[in-house]
Every structure is written in C-alpha cells, then in structure tokens.
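Good morning, and thank you for making time for this item on the agenda. I would ask you to look at the sequence and the structure together as I speak.

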Amino acid sequence: MTDFIAFCGLDCEQCEARIATVNDDNSLREKVAKEWTELNGVDITPEMINCVGCRLTGVKTPFCQSLCEIRQCALGRKMETCGSCSDMEACSIVGMIINNNPEAKQRLMEA
C-alpha cells in the first residue's frame, strides 16, 4: 500500500486538494473551496486547500488535520490504516466511506 492511501482507503493522489497543493494551483484551490463550501455548508477558503496526504508528514486541510474522525481514530489506535483494525467491518465511522466507495474498501482489504 502506498503512503497516498488515506486511513479510510481513499486515494489521496486523486484528491483535488492534494493536486492543488502539489502543483501550487490557486485556480484549483478556488474550485475545491467553492465545491467543499457548498457540499459541507461551511465557509472553506482557498487558503484552507493545502494538503499533501492524510498519512504523510506535512500540511493538511483543517478538516483532515483536526476534524476527520477516521484519521483521529486511526492515529489514536496507532493503525497504519483502518484496514488493520479488527473493528473495521462494523465501524460506523469508516463505514461512511467504505459503504459508499467499493474501491476504498478494496484498498483497505488489500492492506
């Protein structure tokens, strides 16, 4: 498993926030901020769209850094990903992702 696979199994290499960060693309930051503001009903500014990846050392969006329950749980349990957790199948926290994203679940199962 690459370091770009998030704790929940999503592929950070495909995340537009990471792509904007790596390419220093302010237009993409603005696009992502607008989409995430509408999707989440909170004000997200382009300056918040900076992330190198969930499990990598470096900058993260405010949500990924502090608010993501999945990331906080995995870090607290010292798990490489949710795939190494014996509670994954019954977990309502990561279930929000893996029940709607078969690719994410598959990545975790392969871990």
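This is a predicted model: local features need pLDDT of at least 70, side-chain atom pairs count only at pLDDT 80 or more; totals for chains, interfaces and linings use all residues.

In what follows, two residues are in contact when heavy atoms of theirs lie within 4.5 Å. With that in mind, among the contacts in the protein chain between residues at least 6 apart in sequence, 47% join residues at least 24 apart.

Let me turn to the overall fold. The protein chain contains six helices and zero strands. Read from the N terminus, the order of elements is α-α-α-α-α-α. The radius of gyration is 14 Å, close to the 13 Å that the globule rule gives for 111 residues, so the protein chain is as compact as a globular protein of that length. The C-alpha trace spans about 40 × 25 × 25 Å along its principal axes.

How much of the chain is buried? Of the 111 residues, 34% are buried. As for the surface, the protein chain exposes about 6800 Å², and carbon and sulfur atoms supply 52% of that area. The charged side chains number 11 positive and 17 negative, and the centres of these two sets are 5 Å apart.

How many disulfides does a search of the whole structure find? The search finds zero. For C68, which is in no disulfide, the nearest cysteine sulfur is that of C54, at a distance of 6.1 Å. C82 counts as buried because its relative accessibility is 12%.

T21 belongs to helix 1, which covers residues 16-23. Is T21 buried or exposed? With 16% relative accessibility, T21 counts as buried. Which residues does T21 touch, leaving aside its neighbours within four places in sequence? The contacts are with R29, I49, N50, C51, V52 and V59.

Apart from neighbours within four places in sequence, R71 is in contact with F7, C54, K60, C64 and Q65. Q14 lies 57 residues from R71 along the chain, and the C-alpha atoms of the two are separated by 18 Å.

Finally, I would draw your attention to the backbone at two positions. Most residues other than glycine have a negative phi. D24 is not a glycine, yet its phi is positive, at about 45°. D24 sits in the loop between helix 1 and helix 2, the latter being residues 26-40. D24 counts as exposed, because its relative accessibility is 54%.

K78 is also not a glycine and has a positive phi, of about 55°. Where does K78 lie? Its place is the loop between helix 4 and helix 5, with helix 5 covering residues 92-98. At 73% relative accessibility, K78 counts as exposed.

That concludes my presentation, and I thank you for your attention.

Methods:
Residues are numbered from 1 along each chain as its sequence is written. Side-chain values use heavy atoms; hydrogens and water are left out. A disulfide is a pair of cysteine sulfur atoms within 2.5 Å. Buried means under 20% relative accessible area, exposed over 50%, partly exposed in between (1.4 Å probe, protein chains only). Helices (H or I, at least four residues) and strands (E, at least two) are DSSP runs, numbered from the N terminus. The radius of gyration is taken over C-alpha atoms; the globule rule is 2.2 Å times the number of residues to the power 0.38. Accessible areas come from the Shrake-Rupley method with a 1.4 Å probe; for residues, only the protein chains shown count as cover. Lys and Arg count as positive and Asp and Glu as negative; His and the chain ends are not counted. The place of a charge is taken as NZ of Lys, CZ of Arg, CG of Asp or CD of Glu.
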